[in-house]
Amino acid sequence: MCGIVGAIADGDAIPFLMKGLSRLEYRGYDSAGVALLSEGTIERRRAKGDLSALRELLRRNPPRGAIGIGHTRWATHGAPSEKNAHPHIVGETAIVHNGIIENGGALKNALREKGAIFTSQTDSEVIAHLFHAFLADGLAAEDAFAKTLESLEGAFAIAALTCSAPNSLFAAARRSPLVIGRGGAGVYVASDALALAAEAESLIHLEDGERARLTREGFSILNAEGRAVKRVPKKMALQSEEASKGGRRFFMEKEIYETPEAAARALAVPIGEEDGFSAARMRDARQIFFLGCGSAFYAGLAASCWMEKLAGVSARAEIASEFRHRGAALSKRDLAVFVSQSGETADTLSALRHCEREGVPTLALVNVVESTMARLADWTLSIGAGPEIGVASTKTLICQMILLARLALSVAKPAEAKEAREDLSSLPRKLQEALALSEALRAMAKDYLAPSDYVLYLGRGAGYAVALEGALKCKEIAYIPSDGAPAGEMKHGPIALIQEKTPVVVVAPYDRLFPKMLSNMEEIAARGGYLCLLTDAEGAAASKDLTRASVALPAAGEIGAPILHALAAQMLAYHCAVALKHNPDRPRNLAKSVTVE
Ligand code: M6R
């Protein structure tokens with residue numbers, strides 16, 4: 001989604017703004033721009049497309065200034081274009097904005113009646129007009145900024161400049177992340193701490209409704225009521241190399257290869273009484289809801305299977321964007337577990353706020369520990385995956401599954417728990433072994449999936465969650481239309497899509513459901529479909545006469561097998577994307593963190 005950077009630098013602000021913007025590229029964007037404040041004027045450069053277009057503009061005609069703001073835009077209101085790109089300038093003000101101004105239409109009409117002329121189709125431009133109008137009314141810059149914020153409805157993060165306060169930068173956050181950083185060479189603001197990885201030594205996250213004024217000397221923060229906020233800055237935890245590809249071609253590849261290490265960390269994350277969350281919460285729950293979007297939802301789906309099977313606790317996975325609207329019957333005796341890499345996904349946050357209003361206790365599993373979700377939930381567990389830059393979630397899904405499995409195990413029946421614990425603890429080694437199967441997965445992708453215009457993924461139980469994950473990744477980064485279906489459902493509809501050579505990826509470890517999967521495979525083979533099997537050695541041997549290609553993963557149990565298969569499904573999609581010459585880190589139209597509903 002959109003990204004914000006801002007700086008009051010010791011020298012020229014452009015190098016920082018451009019470095020910061022390039023560290024935000026992973027979030028997805030379609031245009032970018034910067035504005036610099038110097039000697040009483042604001043200069044702006046904006047370009048449609050990626051940062052190379054903006055870089056070229058800056059090279060030909062560099063603006064100067066030590067105070068500046070920058071933005072990568074992911075279009076919501078108005079098509080990607082130079083005019084719609086941020087910063088927006090009105091008179092002596094310039095702003096950049098993430099989020100949606102929900103009363104943007106009404107504000108636009110009111111401003112137009114007073115003579116305002118809009119030059120973009122965005123909702124964001126109203127912010128610059130309001131700021132300008134309040135300054136024109138004679139308010140001091142800080143008050144004009146506060147009045148502007150009061151007029152806005154919705155969730156947003158904003159950074160703003162004005163010639164009326166030539167040594168300041170203004171920032172505000174309402175239900176959207178914004179972080180202030182301080183380093184040896186300046187004071188910074190960004191929508192993602194990663195943008196400040198090399199410059200800031202300490203960080204302060206703005207809380208909901210807070211605004212800040214940055215100057216060369218430092219910054220002051222006020223809450224929504226205008227009272228000063230004092231908060232101790234945190235040490236910057238990110239290293240700049242964590243935002244680099246570490247010699248790999250793509251971030252997605254690098255992050256897939258980091259999975260075993262990340263899994264070992266997820267296995268070591270303390271789940272304890274120290275932060276007030278206890279296993280009894282789950283054991284005594286009337287119902288556990290696992291909520292998330294996209295891959296995070298699939299992790300919840302696998303968890304609901306484990307929770308019911310191993311612990312006998314009623315559990316269901318819910319798509320967060322649907323949950324609030326479908327009128328689920330909730331009780332204070334329920335537990336809602338929110339799963340999110342970013343901790344900023346708007347739909348998941350809305351579902352969390354809904355649960356809070358209904359009095360349902362909430363637990364968040366996040367990768368970004370300083371995220372809004374982590375701050376809002378009653379309890380938070382970090383999945384410990386480390387920064388993930390690739391838009392596709394890879395190692396984070398694996399870590400989410402591991403942590404959710406550990407939650408299920410913490411309330412499992414003793415007989416079930418022992419074996420499952422051993423299964424889980426062997427995962428880092430087995431994930432490493434699975435990575436060594438990359439070449440076989442690459443061949444499967446190249447020979448069967450990439451040449452096809454449709455792929456069907458099938459699985460059962462937690463393997464169904466893996467089938468969904470495989471299909472989502474295949475659509476997301478390889479742009480191949482794909483479906484994930486429960487294998488038993490195939491004959492109720494999806495089988496109609498199977499023709500000669502249609503590739504069907506079957507997720508089938510050699511377990512109690514394997515005979516049923518074998519029947520499904522017979523049905524596919526009988527129709528000429530190309531069976532691409534993800535299994536283990538026994539599964540491969542038992543189905544060798546049916547399959548076109550099979551990859552034998554290390555044998556594992558009820559929990560370990562779907563996790564290993566999920567890694568294989570991700571690698572398969574990665575190889576499809578590369579075979580088709582798509583950049584898996586930058587899938588079209590997608591954003592890493594989806595901060596609008
Ligand atoms: O940050 P979150 O985990 O809340 O994100 C949820 C989804 O947007 C995310 O998993 C998405 O589906 C990925 N692009 C999948 O690879």
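In which helix is the place of T348? Select T348 and you land in helix α11, residues 346-357; helices here are DSSP runs of H or I with at least four residues, strands are E runs of at least two, and both are numbered from the N terminus.

Before moving on, note that this is a predicted model, where local features need pLDDT of at least 70, side-chain atom pairs count only at pLDDT 80 or more, and totals for chains, interfaces and linings use all residues. Residues are numbered from 1 along each chain as its sequence is written, and side-chain values use heavy atoms, leaving out hydrogens and water.

**Stop 1**

(Buried means under 20% relative accessible area, exposed over 50%, and partly exposed in between, using a 1.4 Å probe and protein chains only.) Now show what T348 touches, leaving aside neighbours within four places in sequence: L291, G292, C293, A320, F338, V339 and M373. Contact means heavy atoms within 4.5 Å.

Next, pick T362, in strand β19 (residues 362-366). T362 is buried too, with a relative accessible area of 0%. Beyond its neighbours within four places in sequence, its contacts include A336, F338, L352 and W379. For a sense of scale, draw a line from T362 to L161: they are 201 residues apart in sequence and 38 Å apart in space, C-alpha to C-alpha.

**Stop 2: the ligand**

Click on the ligand. Which of the 14 residues around it come nearest? Those are S340, Q341, S342, T345 and E476; a residue is near if one of its heavy atoms lies within 4 Å. Then look for polar contacts, which are pairs of N or O atoms within 3.5 Å (within protein, one must be able to donate a hydrogen and the other to accept it, and residues adjacent in sequence count only if both atoms are side-chain atoms):

- S340 has a polar side-chain atom 2.6 Å from an oxygen atom of the ligand.
- E476 has a polar side-chain atom 2.4 Å from a nitrogen atom of the ligand.
- S393 uses a backbone N or O atom, 2.9 Å from an oxygen atom of the ligand.

**Stop 3: the cores**

Select I288, W306 and M307, which have the most contacts inside the largest nonpolar core, a group of 95 residues. Such a core is a set of buried Ala, Val, Leu, Ile, Met, Phe, Trp, Tyr and Cys residues joined through side-chain atoms within 4.5 Å. Helix α20 (residues 560-579) gives the most to this core, with 12 residues. A second, separate core has 27 residues, among them A9, A32, L36 and A193.

**Stop 4: the open sheet**

Colour seven strands in the order β5-β6-β7-β8-β12-β13-β14 and you have an open sheet with antiparallel pairing. Two strands pair if DSSP finds at least two bridges between them. At the edges, β5 (88-90) and β14 (228-229) each pair on one side only.

Start at β5, which joins β6 over three antiparallel bridges, with V90 partnered by T93 in β6. In this hairpin there are two residues between the strands, and G91 takes a positive phi near 55°. Strand β6 (residues 93-101) is largely enclosed by the rest of the structure, because eight of its nine residues are buried. On to β7: nine antiparallel bridges link β6 and β7, and H97 stands opposite I158.

Finish at β8 (residues 169-174), joined to β12 (residues 210-215) by five bridges; find F170 and its bridge partner R213.
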